[in-house]
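Try each task yourself before you read the solution.

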Amino acid sequence: MNKYHLSEDQLDAWNGIKEYAKERIAPLAQEIDKSGEFPRQLFNELGEQGYLGAGQPEEYGGAGCDAVTCCLILEEISKACGSVGNCFNAHMSLVATLLADHGTTEQKEKYLRDLTSGRKLGAFGLTEPSGGSNAGDPKTRAVLDGECYVLNGSKAFITNSWVADVFLVTAKTQSGVSAFILERGMPGFEIGTPEHKMGMHGSPTCSLYFDSVRIPKENMLGPEGGGFKAFARALDRGRVNVAALIVGIAQASLEAAIAYAKERVQFGKQIAAFQGIQFPIAEMATQIEAARLLTLNAARMYDAGLPIKMESSMAKYFAAEIALKACDTAITVHGGYGYCVDYPVERYYRDVKCYHIAEGTSNIQRIVIARELLGRFPI
């Protein structure tokens, strides 16, 4: 049954990633969470199979998939392992997409081909120690000096930074916020040690430090002062992808709850026979489906060339809110076992909590939605 009215190409892509995620990613998820190590081999495979360049142009090694297909891919990868989905999203949805949309021909030839193939990995540097919501006023500064910009400042909580080769970062320049392409190993560019996080253990998150890093002028992404606008547009699309990622984790928690409810016996019955279990599972399923439909609708609007600022925020906001509740319910269905690491539902809860914060907090999404509906008011 094709209830989402997908094309043959979309269905083929969805079925393909379902099979790969189930066979290769899901069996490794517990160990990835336990060890906290980045699954490099999986990303080599994802690159070889074309998934890392799913949404990028074919002329630069990408698969040329539409936004709907990218959402389906992200949902299945994240359902199998939140950490893999988190790393995949930062690389494909942000770094590769920004380069494809705003890079020069020379920049695409130099960086995009390696990113779509998986030969190199990308990280996206927006958030700073002082905060991430006020992205239009970074403290990091870049000053033009001859043929180079001199970069000073820092970034915080940057996904993939421990393993990335190519970095896109924002900085304040004379004309406003600008975007730059950095490479690992540039003099004065240092990467901090990975943070010890509540969840997403296999997705390394570090700070970045810039001490008079000299960046060639040709490494500016887009025009000077155009970095924030470029990133803002990418984040609109990125929120749709993040919503799909969140839906994937929520779907995993639902399926785990259903399986356990059919297996666990109390008072001579499977606990699935009791309304105290049936009703919360029914609510989980309904809310997850609603989040998926919001996400796919925003993706279809994007593919149709329509503005999606409000719809992408709605999808991300709703998915993050209901997913945390769904993961909590899955733990409750499991009872005491849900609190133990032998069952995956506690990992789902830890992983999905990340997205109450990352890619725009729930309150930031509320602000975006309200502004689209009501307009801006002076502070």
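**Exercise 1. The second largest pocket**

Task: Find which helix gives the largest share of the lining of the second largest pocket, and work out how the lining divides by class.

Solution. Keep in mind that this is a predicted model.

- Step 1: The largest share, five residues, comes from α2.
- Step 2: α2 spans residues 29-35, and α1 (8-25), α4 and α10 also supply at least two residues each.
- Step 3: Sort the lining by class, and you get 12 charged, eight nonpolar and one polar.
- Step 4: For the volume, note about 430 Å³ of space.

**Exercise 2. The largest pocket**

Task: Describe the largest pocket by its volume, its centre and its lining.

Solution. 

- Step 1: The space in the largest pocket comes to about 1,500 Å³.
- Step 2: The pocket has 46 lining residues, and the closest to its centre are Thr127, Gly132, Ile357, Glu359 and Gly360.
- Step 3: Now look at the elements. Two or more lining residues come from each of α5, β3 (148-159), α7, α10 (345-353) and α11 (362-374).
- Step 4: Of the contributors, α7 has the largest share, with six residues.
- Step 5: By class, the lining of the largest pocket holds 20 nonpolar, 14 polar and 12 charged residues.

**Exercise 3. α7 against α8**

Task: Are α7 and α8 roughly parallel or roughly antiparallel, and which residues make their contact?

Solution. 

- Step 1: The axes of α7 and α8 are 9 Å apart, at an angle of about 155 degrees.
- Step 2: Angles over 145 degrees count as roughly antiparallel, so α7 and α8 are roughly antiparallel to each other.
- Step 3: The crossing of this pair is left-handed.
- Step 4: On the α7 side, the contact residues include Arg237, Val240, Ala243, Ala244, Val247 and Gln251; on the α8 side, they include Ile277, Met284, Ile288, Arg292, Thr295 and Tyr302.
- Step 5: Classify the whole contact of α7 with α8, and it splits into 18 nonpolar, three polar and two charged residues.

**Exercise 4. α5 against α6**

Task: Work out how α5 and α6 pack, then find the residues in contact.

Solution. 

- Step 1: α5 (residues 82-102) and α6 (residues 105-117) have axes 10 Å apart, at an angle of about 155 degrees.
- Step 2: This pair is therefore roughly antiparallel.
- Step 3: α5 and α6 make a left-handed crossing.
- Step 4: α5 brings His91, Val95, Ala96, Leu99, Ala100 and His102 to the contact, while α6 brings Gln107, Lys108, Tyr111, Leu112 and Leu115.
- Step 5: Sorted by class, that contact has seven nonpolar residues, three polar and one charged.

Notes: Residues are numbered from 1 along each chain as its sequence is written. This is a predicted model: local features need pLDDT of at least 70, side-chain atom pairs count only at pLDDT 80 or more; totals for chains, interfaces and linings use all residues. Side-chain values use heavy atoms; hydrogens and water are left out. Axes are lines fitted to C-alpha atoms, for helices over the stretch in contact, and angles run from 0 to 180 degrees between N-to-C directions. Helices (H or I, at least four residues) and strands (E, at least two) are DSSP runs, numbered from the N terminus. Angles under 35 degrees count as roughly parallel, over 145 as roughly antiparallel, 65 to 115 as roughly perpendicular and the rest as oblique. A crossing is left-handed if the near helix is turned anticlockwise from the far one by less than a right angle, and right-handed if clockwise. Contact means heavy atoms within 4.5 Å. Ala, Val, Leu, Ile, Met, Phe, Trp, Tyr, Cys and Pro count as nonpolar, Asp, Glu, Lys and Arg as charged, and the others, Gly among them, as polar. On a 1 Å grid over the protein atoms alone, a cavity is a set of points where a 1.4 Å probe fits but cannot get out, and a pocket is an open set with protein on both sides within 12 Å along at least five of seven lines; lining residues have an atom within 4 Å of a point. Grid points are joined across faces, edges and corners, and a volume is the space filled by probe spheres set on the points.
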